[in-house]
Amino acid sequence: MPQLDMSVSVHGPLFQSGLPQAVIVDTLHGTALELVNEGEKAVDAQLYPGHGLITGHYRRSVHGEMTSTLHGKVHDSAVIFGPWLEGVGSRNQTTRFKGYAMFRNARQKLEG
């Protein structure tokens with residue numbers, strides 16, 4: 001299933017200082033939430049007529065959510081043709097269509 005996972009690790013001298021851990025974790029959680037929202041927008045921006053959008057069903061199934069503190073993901077709600085559209089399905093090996101790589105492109109954008 002195509003998805004983009006994100007997690008944040010906290011370590012180093014900043015986290016051993018006298019700052020309250022809850023404040024730091026809340027701030028990082030907010031940042032991770034912003035990344036999830038940006039990832040969802042990046043995938044959604046690649047779905048337009050002629051490029052993965054015909055009925056809008058797949059576009060409506062792409063969601064970003066926080067799975068726990070500092071962990072989030074952008075996924076396609078397990079749509080059956082999602083791997084084929086992304087280009088990681090078994091049918092992509094035997095057809096000319098190699099996929100749109102929407103999640104891969106969104107990940108590269110977020111990593112930048």
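Colleague: Is Phe103 buried or exposed?

Modeller: Phe103 counts as buried, because its relative accessibility is 3%. Buried means under 20% relative accessible area, exposed over 50%, partly exposed in between, with a 1.4 Å probe and protein chains only. Before we go on: this is a predicted model, where local features need pLDDT of at least 70, side-chain atom pairs count only at pLDDT 80 or more, and totals for chains, interfaces and linings use all residues. Residues are numbered from 1 along each chain as its sequence is written, and side-chain values use heavy atoms, with hydrogens and water left out.

Colleague: Fine. Where is Phe103 found?

Modeller: In helix H5. Helices (H or I, at least four residues) and strands (E, at least two) are DSSP runs, numbered from the N terminus.

Colleague: How far is Phe103 from Ala42?

Modeller: In space, 8.2 Å, C-alpha to C-alpha. In sequence, they are 61 residues apart.

Colleague: At what angle do H1 and H5 pack?

Modeller: About 135°, with the axes 9 Å apart. H1 covers residues 21-45 and H5 covers 102-111. The axes are lines fitted to C-alpha atoms, for helices over the stretch in contact, and angles run from 0 to 180 degrees between N-to-C directions. H1 is therefore oblique to H5. For the cut-offs, under 35 degrees is roughly parallel, over 145 roughly antiparallel, 65 to 115 roughly perpendicular, and the rest oblique.

Colleague: Which residues make the contact?

Modeller: From H1, Leu35, Glu38, Gly39, Ala42 and Val43. From H5, Met102, Phe103, Ala106, Lys109 and Leu110. Contact means heavy atoms within 4.5 Å.

Colleague: How many of those are nonpolar, polar and charged?

Modeller: Seven nonpolar, one polar and two charged in the contact of H1 with H5. Ala, Val, Leu, Ile, Met, Phe, Trp, Tyr, Cys and Pro count as nonpolar, Asp, Glu, Lys and Arg as charged, and the others, Gly among them, as polar.

Colleague: Let's move to the loops. Where is Gln46 found?

Modeller: In the loop between H1 and strand S2, which is 48-49. Gln46 counts as buried, because its relative accessibility is 14%.

Colleague: What does Gln46 touch?

Modeller: His51, Tyr100, Ala101, Met102, Asn105 and Ala106, leaving out residues up to four places away in sequence.

Colleague: Ala101 is on that list. What is its phi?

Modeller: Near 55°, a positive value in a residue other than glycine. Ala101 sits in the loop between helix H4 (91-94) and H5. With a relative accessible area of 13%, Ala101 is buried.

Colleague: And what about phi of Leu70?

Modeller: Also positive, near 70°. Leu70 lies in the loop between strand S4 (63-68) and strand S5 (71-75). Its relative accessible area is 7%, so Leu70 is buried.

Colleague: Back to H1. Is Glu34 buried or exposed?

Modeller: Exposed, with a relative accessible area of 56%. Glu34 is in helix H1, and its C-alpha is 9.9 Å from that of Gly72, 38 residues apart along the chain.

Colleague: Last topic, the whole chain. In what order do the elements run?

Modeller: From the N terminus, β-α-β-β-α-β-β-α-α-α. That is five helices and five strands. Of the 112 residues, 32% count as buried. Among contacts with a separation of 6 or more, 57% come from residues 24 or more positions apart.
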